[in-house]
Amino acid sequence: MSEQERIQKQRVERTAEVASDVSVDATKGEQLKADLDDLLDEIDEVLEENAEEFVRNYVQKGGQ
Amino acid sequence: MAIAKVLGVETEFGIAGGPDLDPIVASSIIVNAYAQQGRTRINWDFEGETPDLDARGLPGLTSFAPVVETHLANTVLTNGARLYVDHAHPEYSSPECRTPLEATLYDTAGEEVLRRALLAANESLEPDQAITLYKNNSDGKGNSYGTHENYLLEREVEFARVIRAMVPHFVSRQIIIGAGKVGAETEDGLETNPAFQISQRAEFFEEVVGLETTLKRPIINTRDEPHSDAERFRRLHVIIGDANLSQVATLVKLGSTALLLAVLEDRGAEVFPSPPRHPVRALRLFSLDTTLLVAAECEDDRQRTAWDFQDQLWHLADHYVEQRGGDAVGPPEQVRAIVDQWREMLDGVRDDRGAIADRVDWVAKMRVVNGYQERYDLAAGDARLRAIDLQYHDLRAERSLAQRVGLRQLFSPEQVREAVHNPPTSTRAYFRGQCVARYPDQIVAANWDSVVFDLGQGPLQRVPMMDPLRGTAELTSDLLETCPTADDLLEALDR
């Protein structure tokens, strides 16, 4: 079996597993989504305003 | 029997800002700001530093010895740690610790030391020169700096066996302890152009084994500088690994690695899974695959994913702990907790990432990066996503995203404060830290394996500490209590 086929096969198996998990954990999923929404709101408040410049200016000398 | 896995973590912090945007000047300001608060003004002693010795015994013709920079700011703290300027970064090297949990505490204390240094430094600078610090490993532009781990090993363990045993762990452990990264930044990495990858450091590794740390970085570093009795000990200097903001990730990183080294000492290298045929390729492939499904061909012709490697290594460690206990690593309940956490994280990254987003840095980071991208419909690699990546590691409480994603805390603020000032009790770091705290005016320098006193008359006196497990509170606290001055101490040691 090639690497690609193997990945394909695992993907199929995994999708089946995940699908059954989702139905069981639907409420937990909702909670995680709500938590994430709150978190993203907070990130909006603290994220550097000029992200482009902030990222561009962060240049380091290599270390170990 | 495996020997006690005395261990520690060294972290080079990313640094921005400062006068003229010079990172060496800024790093010096940070180190000096902390030292000038009266906490220490004791210099590092370079006697005995041999970073150019190769554990394989042969001088590598393509390897160049690291340069020891003796002129830059360099201090010893009362908690036994070293704080100094390494290349163009401030570095905190934790004191030697006896257990992974203790080492995690002193790593966390290091964040607090740098945070305090940052506050003190910025008080003396104009606002437009303010410095910022990041506990990360790359700038997103192809420059990397390290987070290294150190483990004590028996000298008699042949280095070839360390290589044989540990490569599988070092290429695969990133799936539970990777810190995550938006995009790629090396030539090879950019070819794949990933939206997100698991490890900050993986794409910077080019060799399987080698002496270098700044170029052609190797998965196994052969620096043979035990900082202790070289007849009895090795120090495994691990340069592959991300800076973790998750304390649980640091604990499992140190705990799993220490346990596997104990397995190597007690059961040999043959029990370890067969390594990938091309370790560097496997390391990078695993980092680029957030589905955890890509497998690498191994020397036994089997295909293994990073998860397969970790599963097999976990069983090896679990079995070892069941059969022999884990005394070399820590007390039974702590070792059990490490093994259980490792298992939970391993199952979580595959089956339920929501359940371990409070412990696994790359999962926590990817969750907010993907969420933010979806909310604003951003292209992969958008500057705002890169800013999130960078700010995850920001040490400033008001900017840190790691402090906002709900990572599990292992220590109270009081415990961390305590560790900022006081050394661990169960290694020689106790003696070093206590001497620095008690006799600051009589100590001219200190390093990992000695403290040098100047009593004002006669020659300088070096007190050697060649065994990391001596100089503990148990062995020296009574002595220190009865010696109000350095003269008393040296006289007592002479007797």
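1. In this predicted model, the C-alpha centres of domain 1 and domain 2 of chain B are 31 Å apart. Domain 1 of chain B covers residues 7–416 and domain 2 of chain B covers residues 425–494. Where the two domains meet, 19 residues of domain 1 of chain B are in contact with 22 residues of domain 2 of chain B. The domain 1 side of this contact is made up of six nonpolar, eight polar and five charged residues.

2. Chain B as a whole contains 16 helices and 18 strands. Its radius of gyration is 22 Å, close to the 23 Å that the globule rule gives for 495 residues, so chain B is as compact as a globular protein of that length. Along the principal axes, the C-alpha atoms of chain B fill a box of roughly 70 × 55 × 45 Å.

3. Of the 495 residues in chain B, 55% are buried. Among the contacts in chain B with a separation of 6 or more, 71% are between residues 24 or more positions apart.

4. Strand S5 of chain B, residues 82–86, is mostly covered, with five of its five residues buried. B:Arg82, B:Tyr84 and B:Asp86 point one way from S5(B), while B:Leu83 and B:Val85 point the other way. In S5(B), the residues pointing either way are buried, B:Arg82 and B:Asp86 included.

5. S5(B) has a pairing with strand S4 of chain B, residues 74–76, which is antiparallel and has three bridges. Here B:Val76 stands opposite B:Arg82. The hairpin of S4(B) and S5(B) has five residues between the strands, and B:Gly80 in this hairpin takes a positive phi near 90°.

6. S5(B) also has an antiparallel pairing with strand S6 of chain B, residues 89–93, through five bridges. B:Tyr84 has B:Glu91 of S6(B) as its bridge partner. These strands form a hairpin with two residues between them, and B:His87 in the turn has a positive phi of about 55°.

7. The contact between the two chains takes 27 residues from chain A and 41 residues from chain B. On the chain A side, helices H1 (3–24), H2 (26–46) and H3 (51–57) each supply at least two residues. H2(A) gives the most, with eight residues. By class, the side of chain A that touches chain B has 13 nonpolar, six polar and eight charged residues.

Key: Residues numbered from 1 in each chain as written. Chains lettered and ligands numbered in written order. Predicted model: local features only at pLDDT ≥ 70, side-chain atom pairs only at ≥ 80, totals over all residues. Contact = placed C-beta atoms within 7 Å. Helix = DSSP H or I, 4+ residues; strand = E, 2+ residues; numbered from the N terminus. Nonpolar A, V, L, I, M, F, W, Y, C, P; charged D, E, K, R; others polar. Domains from an automatic or database assignment. Rg over C-alpha atoms; globule rule 2.2 N^0.38 Å. Buried ≥ 20, exposed ≤ 12 C-beta atoms within 10 Å, placed from the backbone. Pairing = 2+ DSSP bridges.
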